[in-house]
Amino acid sequence: MPYLGMQPHPSSMTRRDSLRLGGLTAFGLGLGDWFNLRTRAAAPPVKARACILIWLDGGPSHLETFDPKPDAPQEVRGPFAAIPTSVPGIHLAEVLPNTAKIMDKIAIVRSITSPLGEHGLANHYLLTGYKPTAALQYPSFGSVVAHHQPRGVMPAYVALPDIKQLPAAGSGFMGRAMQPFAINGDPAKGDFRVRDLEFSPQVPEDRIRRRQGFLSQLDRFHRAADEAAAPVDGAFEQAFRLVTSPKAKQAFDLSQETPETRARYGPRTIGQSCLLARRLVEAGAAFVTINNTGWDTHADLSLRLKDGYAGAKVGVGLVPSFDMAFAALVGDLRDRGLLDQTLVIAMGEFGRTPKLNTSRGRDHWPRVFSAAFAGGGIGGGQVIGASDRVGESPAARPVTPSDLAATIYTLLGVDPKSELTTPDGRPIRINQDGTLVRELLA
Amino acid sequence: MIRACLVSMALAALWYAAPGDGAAARAITPVALAVPQAFSVDFDTQIVPILTRSGCNAGACHGAAAGRGGFHLSLFGGDPAQDHDSIVNELEGRRVNPLKPIESLLIAKPSERIKHRGGYRIEKQSPAEELLAQWIAAGAPRAKSPPKLTFFEVTPAMRVVEEFKDGQASVPLVARAGFDGRPPRDVTAWTLFVSADPMAVEIEDEPARAIVRRRGQHILIARFMNRVVPIRLIAPFGQAAVDHSRQPRANFIDDHILDQLSMLRLDVSARAGDAAFFRRVHLDLIGRLPEKRALQSFLGDSALDKRAKLVDRLLASEEFVEFWTFKLANLLGNRPMPNDSQSAAAFHGWLAAELRQRRPLDQIARQMITALGDTRTVGPAYFTRLSGDARAQAERFSQAFMGVRMQCANCHNHPLDRWTQDDYHGLAAIFAKLERGPVVKLAPRGAVTNPRTSEPALPRLPALRMLDAEGDHRQALADWLTAPENSHFARSLANRLWQSMFGRGLVDPVDDLRSTNPGTHPELLDRLAADLVARGYDARRTLRLIALSETYNRSSTPTPTNRVDDLFYSHFPTRPLQTQVLADAWSDVTGVADRYGQEPPGTRAIALIHAAIPSVSLDILGRCSRQDSCQEDGTGDGGGLAGLLHRLNGPFLNERLASPDGRLGKLIRQGRSVDDILEEFYLTALGRKQDDAERAFWRSQASGVADGQRAAWLEDAIWALLNSREFTTNH
C-alpha cells in the first residue's frame with residue numbers, strides 16, 4: 001500500500017531545492033532526472049521514505065536486551081537468560097520473546113563503540129553522528145531528514161511526546177523551523193488528543209486562512225526595510241498547512257484504530273506511541289522520534305527492566321513494554337506493506353557496564369553496545385559485529401555512532417557527504433567521518 | 001554516581017578534542033629539537049607534556065575518570081605525582097623497563113611496536129620517544145622538587161590575519177616556557193594546540209601553525225603542563241579598510257566596539273529611530289512595551305538629551321525593580337519548597353526591596369552568602385536553602401556570582417581553567433557548615449569529603465588559600481568574592497548586564513567565564529567590570545552606560561556588507577522576546593490578563609514567584625522552571641509548532657481578542673473606525689504608527705467586510721499583528 005498521497009504544498013520546495021533545481025535545469029537536466037539523482041549509480045537504491053526512531057533514553061543495557069551473555073560469569077550475565085529466535089544461531093534476552101519471533105526482519109549491530117559516557121554528550125553523538133563541540137550545535141537526524149523533505153501538510157519531524165529533556169534530538173544550528181513537532185501528551189491515556197490541532201469553534205477555517213494572509217503580509221512589510229533579508233522561517237506556514245488539512249489531522253487521532261490494533265501494540269506509552277508513529281509516517285511524516293525514558297538503570301535491573309513494579313506476575317517493565325511495541329510496529333508495517341519504506345531503529349546513547357554493581361544495576365558503558373534495525377531496506381535476520389565474551393569491548397567490526405549516522409542517512413536517501421549551511425553561511429557536511437555499514441543493507 | 005560530571009557541551013569540545021579529532025590527531029614526528037645526551041630528563045616538566053601533547057591523558061583516553069585499558073592518567077597531567085605512580089609502580093613495573101627502554105609499554109604501545117587500541121601516537125625515533133627512553137633508562141625518576149613553571153607565553157596571543165591565499169591563511173605558532181625564573185626556552189613541540197572550531201581553523205605541524213579557513217574571530221587553546229592559554233585570530237570580513245574614526249562615540253563601549261569592527265572591516269548600521277529605540281529600551285530595561293501616551297510625548301520632544309532622560313526615568317521606575325527581581329530570581333533559582341511558599345516570597349520581596357533602594361550588587365551578594373535565620377522572615381537566608389547540599393551550593397555560588405562552571409572540578413581538576421578539586425571541595429566545605437532547614441543555622445561539624453584524598457575537605461578560598469578546618473568562613477568568602485582585586489565577580493556581573501541589553505554576553509555562555517573562553521570583546525568586558533567596581537557596583541549606572549552607547553542605539557537593520565555579522569554589534573541584534581515578557585505583552589495589548597494558578601487576576605508572568613505555577617500557556621510556550629539556574633536570557637523555540645498551534649487554535653489569544661472587556665472589544669463598543677482601531681493597536685503593540693503602505697493594505701482588506709463581520713475581521717488583523725515577527729522580537 002502506498003503512502004496516503006499527501007501532496008506537497010504548491011509553493012513547497014525549499015529554497016535550497018529550488019536553487020539546486022535551477023542549477024540543474026541550467027545544465028539541461030529535467031525534474032525527472034533530478035529525482036533520479038537521488039539514487040545515483042554508486043549509492044545503493046533507496047527504499048526508505050520515513051524513519052521511526054525508538055529512542056531508549058538513558059542507555060539500555062545491551063546485556064539484558066540484544067546482546068545476552070549466557071556463558072559469562074554470574075556478575076556479568078545478569079538476571080535474564082537468553083532465548084533462541086526465529087533465526088538459528090541468534091539469541092536475545094528472554095525478555096524479548098516477541099522480537100525473537102520476528103528476528104528474520106531485524107538486524108542487530110552489536111559492536112557500536114563510543115568514548116562518551118555522559119548522557120548529554122552521548123545523546124548528541126548518537127542522535128547527530130557528531131561528537132559535541134563548543135563551536136556548533138549539530139542538528140539531529142530528524143531535523144536533517146526533515147530539511148530534505150519537500151514541505152507537506154504533515155510536519156516532517158515529530159517527537160512523541162517531546163524532547164524537552166533531549167535537546168540533542170532538536171535542530172541545532174538549523175533553527176526553529178526544523179525543530180520537531182512535540183505532541184506534548186501521552187498517547188496511552190484514554191482522553192489523548194493532540195492539543196490545539198482542531199479549529200477553535202469561534203475561529204473557523206476561513207478566518208484561519210485570512211490570518212495567514214495578514215501575517216505573511218505583515219512580515220513582508222517588516223522585511224521591506226531590509227531587502228536582502230532571508231525569508232522568515234516557515235514555522236507558521238507549517239502550522240497553517242497542518243490545521244487546514246483534515247486528513248493530516250486524522251493521522252494524529254488514535255481513536256480511528258480498532259481496539260484489536262491498539263491492543264496489539266500494548267497499553268503502555270511506548271506501544272501507543274509506536275502506533276501513533278505508524279499513523280504519522282503513513283500520512284507523510286518523514287521522521288518520528290519516540291522518546292522513551294527510564295533506561296538509566298543504575299539499580300535493580302530486574303525490577304526496572306522486567307517486572308515494572310514489585311511483585312508483578314507479568315512483566316510490565318521497560319523491556320517487555322518495548323518488546324511488545326517494537327514487534328507490533330514491525331509486524332504491522334509488514335502487514336500493511338510499509339516495512340520496506342519505513343526504517344525502524346531502536347537504540348539509546350550507550351550500553352551498561354559488564355559487571356553488575358552493588359545495587360544490582362549497571363552503570364554507563366559506551367565502549368560497546370547494540371542497536372536494532374528493521375525495514376527501510378536493511379537486511380533482516382542478521383547480527384553485525386560482536387562484543388567480546390563479557391560485553392566489554394567490540395570483538396569484531398567496531399561501528400562508531402558516526403558510521404551509524406552515515407548508514408541511517410544513506411538508507412533514508414540523504415547523501416552523508418552533502419552539505420548543510422549554518423545561519424552564518426558556513427558549509428557543514430551532514431556526516432563528517434562515518435563509513436557506511438554496508439552489511440546492514442539488504 | 002549518576003550526577004558524576006555535568007560537563008557542558010562547550011567544555012566537551014576541547015576536553016574531548018582527543019587524539020583522532022583534527023587538531024590533536026598527530027603522532028609526534030621528528031623535529032629539529034636537539035636533545036642533549038647528558039641532560040637529565042625531568043618527569044613533571046618533560047615527560048608529562050609529551051603525554052599531553054600526544055593525547056595520552058585526554059578525556060577520551062587514559063585521562064578518563066576510569067582510565068582506559070587499565071591505565072589511568074590524570075586529566076591533562078593535572079596530577080604528576082599520581083601519573084608517576086601509575087606509570088612506574090603499577091602493573092609490576094612493566095610500563096617502564098630501564099634495561100630495555102624501548103620495550104617498556106610506555107613506549108612500545110604508543111609507537112605501535114605492540115598493539116595499541118589508542119593507535120599510533122608517538123613516532124619511532126622521534127625526540128619524544130628518545131626523551132621517554134632516556135628517562136626510563138635513567139630509572140624513571142621523579143624529582144623531589146621538580147622545576148616550577150614560572151613563565152609560559154604563546155605568540156601570537158592575538159593576530160589579525162590578512163594574508164589569505166586560496167581561501168586560507170597560515171599563522172605560525174610558538175610557545176615558550178621558563179622554569180624557576182630561568183630564561184624561557186622554546187616548547188612549541190611539546191605544547192598542545194587545539195582549535196575551538198576545527199572547521200574554521202586547523203592546526204598543522206612542522207612547524208606548528210594555524211590554518212585559518214574562515215573569516216571572523218577564532219579561538220585556539222594552547223596547553224602546556226598546567227597552563228591553558230587562548231590565542232585569538234581575527235580574519236577580516238571585508239576587503240577594503242573601513243574607517244570608523246568619524247563615527248559618533250558616546251563612551252568607551254563605542255571605542256572598543258568600533259575598533260573591533262575596524263579590524264574586522266565591517267561597516268555599521270545607521271542610528272535607530274526614536275520609536276525603535278523607545279520600544280527597545282523599554283523591553284530591555286523594564287520588560288514591557290511602552291505606553292502609547294509616553295511614546296507620543298517622546299516623539300514630540302525635541303530635547304537633545306531625551307534618550308538619556310528616558311533611560312533615567314526607566315531605571316528609576318518600579319517596573320524596573322519588578323523586572324530585575326524576575327531576572328535575579330531566575331539566576332538564583334528562587335522557587336517554593338514543598339509546604340513552604342512563604343520563604344520564596346520573602347526572598348523575592350527581599351530582592352525587590354534591595355533593588356528598590358539601589359543596594360550595590362556586592363552588598364546584595366554578601367547578604368545572601370552570610371545570612372542566617374528563619375527563611376520565612378530573613379529573605380537572603382533562603383539562598384542557602386535553594387541548594388540541596390553544600391556541593392550544589394558551591395556550584396550555584398560559582399555559577400551565579402562568578403559565571404564559572406565549577407562542576408567539572410568535582411571529579412578532577414577543571415580541564416580548561418585553573419580550578420582544582422581542592423578548590424571545588426574547599427568551597428563546598430565552607431557551605432557544609434550550614435544546616436539548611438527552615439531556619440538556616442551554623443552546623444559546625446558539617447563537612448564534605450574530597451574524593452582526591454578521601455578525607456574531609458579543608459575549607460578553601462578558591463585558587464587562593466586554605467582556611468582553618470573549624471569555624472564559619474562565609475564572611476571571608478564574601479570578602480574574597482567582592483574584593484576589588486577579584487575580577488570574577490565584577491566581570492560576571494558586567495557580562496550579565498551586557499547580555500540583558502543585547503541578548504548575549506561579551507563572553508558567551510554567560511556562566512562559562514574562563515581564560516580559555518575569551519569571548520568576542522575581552523578588553524571591553526574588563527573595562528566594563530572595572531567601571532562597575534569604580535561606580536560602587538551600581539547596576540543601574542552600568543545599564544545606563546550601555547543604553548546610551550551608540551552601539552546600543554544602532555539600528556537592527558543590517559547593511560549589505562555587515563549582514564554576515566552576528567557577533568560584533570555592527571547592527572543591533574534582533575532577538576525573540578523571553579516567554580514571560582511576551583506573555584505579558586500579549587496581556588497588555590489585548591487588555592485581558594492571563595491567569596496563573598490561584599494568583600490574583602492581573603498578576604504578570606514576570607512577577608510570578610512560583611516560576612513553575614500551573615499555566616498551560618507558559619508550559620506550551622516554554623519556560624524555565626528554575627529547578628536549576630536559568631542562564632538563558634533569550635527564549636527556547638517558543639514552544640515550536642505546538643506553541644504556534646496554541647496561538648492559532650487555542651483559547652490563549654482567541655478568547656482574549658474576542659473578550660468584550662478587552663482592548664478591541666472596548667474600542668468597537670466606542671464605535672471607533674477600523675482605521676482608528678488599527679492605529680491604536682500599532683501604537684500599543686509595535687510602538688509606532690502605520691506607514692502609508694500598511695494603511696493602504698488594511699483599507700483594501702477592510703473594504704467589503706460586512707458590518708456583522710467587522711469584529712471578527714478586526715480580531716484576525718490584530719491576531720496577525722500580535723504574531724508578527726516585528727511584535728514577537730526585540731529589534
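At what angle do helix α22 (residues 640-649) of chain B and helix α23 (residues 651-658) of chain B pack, and how far apart are their axes? In this predicted model, the two helices pack at an angle of about 25°, and their axes lie 5 Å apart. Because angles under 35 degrees count as roughly parallel, α22(B) is roughly parallel to α23(B). On the side of α22(B), the contact is made by B:His646, B:Arg647, B:Leu648 and B:Asn649. On the side of α23(B), B:Pro651, B:Phe652, B:Leu653 and B:Asn654 take part. By class, the residues of this contact comprise 4 nonpolar, 3 polar and 1 charged.

Another helix pair in chain B is formed by α17 (residues 487-502) and α18 (residues 522-534), whose axes come within 8 Å and cross at roughly 105°. The contact of α17(B) with α18(B) is made up of 12 nonpolar, 1 polar and 2 charged residues.

The interface between the two chains was examined next. The size of an interface is often given as the accessible area lost when the parts come together. Between them, chain A and chain B bury about 5100 Å², with 63% of this area on carbon and sulfur atoms. In terms of residues, 61 of chain A are in contact with 60 of chain B. The two chains are linked by 4 salt bridges. One salt bridge joins A:Arg211 to B:Asp716, with the closest N and O atoms 2.8 Å apart. Polar contacts between chain A and chain B number 11 residue pairs, both residues being at pLDDT 80 or more.

On the side of chain A that touches chain B, two or more residues are given by each of α5 (119-128), β6 (181-182), α7 (205-224), α8 (235-243) and β16 (427-429) of chain A. The largest share of this side comes from α7(A), with 11 residues. Sorted by class, the side of chain A that touches chain B has 31 nonpolar, 13 polar and 17 charged residues.

Some features of the backbone were also noted. Most residues other than glycine have a negative phi, and most peptide bonds are trans. In chain A, a cis peptide bond is found between A:Leu160 and A:Pro161, with omega about -10°. A:Pro161 is placed in the loop between β5 (157-160) and β6 of chain A. In chain B, B:Glu206 and B:Pro207 are joined by a cis peptide bond, for which omega is about -10°. The loop that holds B:Pro207 runs between β7 (201-204) and β8 (209-212) of chain B. A positive phi, near 50°, is present at B:Asp166, a residue other than glycine. B:Asp166 lies in the loop between β2 (158-160) and β3 (169-172) of chain B.

Conventions: Residues numbered from 1 in each chain as written. Chains lettered and ligands numbered in written order. Predicted model: local features only at pLDDT ≥ 70, side-chain atom pairs only at ≥ 80, totals over all residues. Heavy atoms only, no water. Axes fitted to C-alpha atoms, helices over the stretch in contact; angles between N-to-C directions. Helix = DSSP H or I, 4+ residues; strand = E, 2+ residues; numbered from the N terminus. Parallel < 35°, antiparallel > 145°, perpendicular 65-115°, else oblique. Contact = heavy atoms within 4.5 Å. Nonpolar A, V, L, I, M, F, W, Y, C, P; charged D, E, K, R; others polar. Buried area = accessible area lost by both parts, 1.4 Å probe. Salt bridge = Lys/Arg side-chain N within 4 Å of Asp/Glu carboxyl O. Polar contact = N/O pair within 3.5 Å; in protein donor to acceptor, adjacent residues only side chain to side chain.
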